[in-house]
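Trainee: Hi! Could we go through the charged pairs in this one together?
Mentor: Happy to. Let me bring it up first.

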Amino acid sequence: MSIETLRNRIAQLEREKANLEKSLSRERESARKKQAEIAQISRSINKNTSLSMLSSKQRQIESKQKQLSGYEKKAADLQSKVAAKGSEILRKLSEVDRAENQAQRRKDQDEKKRQDQQLLHAEQVTRELERQSHIHN
């Protein structure tokens with residue numbers, strides 16, 4: 001892959017990671033709100049609460065705990081996806097580094113080859129000038 005293609009892929013991965021992080025943040029916020037609702041219902045239970053009301057509040061708490069569990073499961077899944085994207089970004093950055101190093105080595109080799117050819121040409125011109133000078137003398 002070309003360096004530019006790799007950089008474009010990295011940018012795409014970073015956007016995907018940012019979107020996953022936003023989703024993760026929303027799930028965590030939903031979980032936090034559910035926890036607050038559960039806490040509120042729990043606080044509303046006191047020793048004067050009737051048995052039917054207590055049963056109703058326990059069902060509400062159980063329902064909200066199931067929802068909370070769903071939010072936490074989704075958040076954990078998103079967290080692992082964010083970590084995977086981070087790892088993939090690091091791999092692509094490593095590929096870019098390798099590609100840049102390889103391109104620099106090729107450029108250095110080409111430059112050395114050009115300089116060697118220039119030096120060889122200069123030596124040939126010098127020898128030819130010396131030969132011509134020798135012939136002329």
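Mentor: This is a predicted model. Let's begin with Glu-16, which makes a salt bridge to Lys-85, with the closest N and O atoms 2.5 Å apart.

Trainee: Where do Glu-16 and Lys-85 sit in the chain?
Mentor: Glu-16 is in helix α1 (residues 3–44) and Lys-85 is in helix α2 (residues 51–136), so this pair links distant parts of the chain, 69 residues apart.

Trainee: And is Lys-85 buried or exposed?
Mentor: Lys-85 counts as buried, because its relative accessibility of 18% is under the 20% cut-off. Glu-16 is partly exposed at 24%.

Trainee: OK, what does Glu-37 pair with?
Mentor: Glu-37 forms a salt bridge with Lys-64, and their closest N and O atoms are 2.9 Å apart. Glu-37 belongs to helix α1 and Lys-64 to helix α2, so the bridge ties together parts 27 residues apart in sequence. Glu-37 itself is partly exposed, with a relative accessible area of 30%.

Trainee: Switching topic: how far apart are the closest N and O atoms of Glu-95 and Lys-92?
Mentor: They are 3.7 Å apart, and the two residues form a salt bridge. Both lie in helix α2, and because they are three residues apart, about one helical turn separates them. Lys-92 is buried at 12% relative accessibility, while Glu-95 is partly exposed at 25%.

Trainee: Which residues are joined into one network?
Mentor: Arg-9, Glu-16, Lys-85 and Glu-88, through salt bridges that share partners.

Trainee: Last one: how many salt bridges are there in the whole structure?
Mentor: The search finds 12.

Notes. Residues are numbered from 1 along each chain as its sequence is written. This is a predicted model: local features need pLDDT of at least 70, side-chain atom pairs count only at pLDDT 80 or more; totals for chains, interfaces and linings use all residues. Side-chain values use heavy atoms; hydrogens and water are left out. A salt bridge is a side-chain nitrogen of Lys or Arg within 4 Å of a carboxyl oxygen of Asp or Glu. Helices (H or I, at least four residues) and strands (E, at least two) are DSSP runs, numbered from the N terminus. Buried means under 20% relative accessible area, exposed over 50%, partly exposed in between (1.4 Å probe, protein chains only).
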